[in-house]
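These notes are meant for a colleague who is opening this structure for the first time. They begin with the overall layout and then turn to particular residues.

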Amino acid sequence: MEICTTLTGVSWYEAVQAAPSSNGLVSSSLYKIRIFEDQLTEYLPFMDWRKLTEGERQSFWTIALGDKLSHGGNTVTIIAIHDNRASRRNPHLYLEAK
């Protein structure tokens, strides 16, 4: 089942990476996404979210590895999740995607 959550005020940065291959250089993009604390009021880490009943899950959202995000016509897949809310000047959830 696909669940869509719309967030605003999210920071997206695309870092283009190049790696040598037998055919020359191969490039790919790594997307660095920051979701700031004011957007995380209804967020639960996936392991906590999955313990809820189906009805309770309706009040929250989560992100898991392999989830898809869309922005500006690009759809990317989450490959890393970092919770940077503790002891930070600008608390946020940091995601990496390809």
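1. The chain contains two helices and five strands, and their order along the sequence follows the pattern β-β-α-α-β-β-β. Please keep in mind while reading that this is a predicted model, and that the values quoted below are computed from it.

2. As for overall dimensions, the C-alpha trace spans about 50 × 35 × 25 Å along its principal axes. The chain has 98 residues, of which 27% count as buried, and it exposes about 6,900 Å², with carbon and sulfur atoms supplying 50% of that area. Among the contacts with a separation of 6 or more, 36% are accounted for by residues 24 or more positions apart.

3. The largest nonpolar core is made up of 12 residues, namely Tyr31, Ile33, Ile35, Leu40, Tyr43, Trp61, Ile63, Val76, Ile78, Leu93, Leu95 and Ala97. At least two residues of this core come from each of E2, strand E4 (74-84) and E5. One of the core residues, Leu40, touches Ile35, Trp61, Arg85, His92 and Leu93 when residues up to four places away in sequence are not counted.

4. His92, which Leu40 touches, deserves a separate look, and it belongs to strand E5, residues 92-97. Is His92 buried or exposed? With a relative accessible area of 8%, His92 is buried, because the cut-off for that class is under 20%. Its side chain reaches the backbone oxygen of Asn90 at 2.7 Å. Once neighbours within four places in sequence are left aside, the contacts of His92 are Arg34, Ile35, Phe36, Glu37, Leu40, His82, Asp83, Asn84 and Arg85.

5. The structure holds three aromatic pairs, and one of them joins Trp12 and Tyr31 in an edge-to-face arrangement, with 6.2 Å from centre to centre and 70° between the planes. Trp12 lies in strand E1 (residues 11-21) and Tyr31 in strand E2 (residues 24-36), so this pair ties together parts that are 19 residues apart in sequence. The two partners fall into separate accessibility classes: Trp12, at 23% relative accessibility, counts as partly exposed, whereas Tyr31, with a relative accessible area of 11%, is buried.

Key. Residues are numbered from 1 along each chain as its sequence is written. This is a predicted model: local features need pLDDT of at least 70, side-chain atom pairs count only at pLDDT 80 or more; totals for chains, interfaces and linings use all residues. Side-chain values use heavy atoms; hydrogens and water are left out. Helices (H or I, at least four residues) and strands (E, at least two) are DSSP runs, numbered from the N terminus. Buried means under 20% relative accessible area, exposed over 50%, partly exposed in between (1.4 Å probe, protein chains only). A polar contact is a pair of N or O atoms within 3.5 Å; within protein, one must be able to donate a hydrogen and the other to accept it, and residues adjacent in sequence count only if both atoms are side-chain atoms. Contact means heavy atoms within 4.5 Å. Rings of Phe, Tyr and Trp (its six-membered ring) pair if their centres lie within 6.5 Å; planes under 30 degrees apart count as stacked, over 60 as edge-to-face and the rest as tilted. A nonpolar core is a set of buried Ala, Val, Leu, Ile, Met, Phe, Trp, Tyr and Cys residues joined through side-chain atoms within 4.5 Å. Accessible areas come from the Shrake-Rupley method with a 1.4 Å probe; for residues, only the protein chains shown count as cover.
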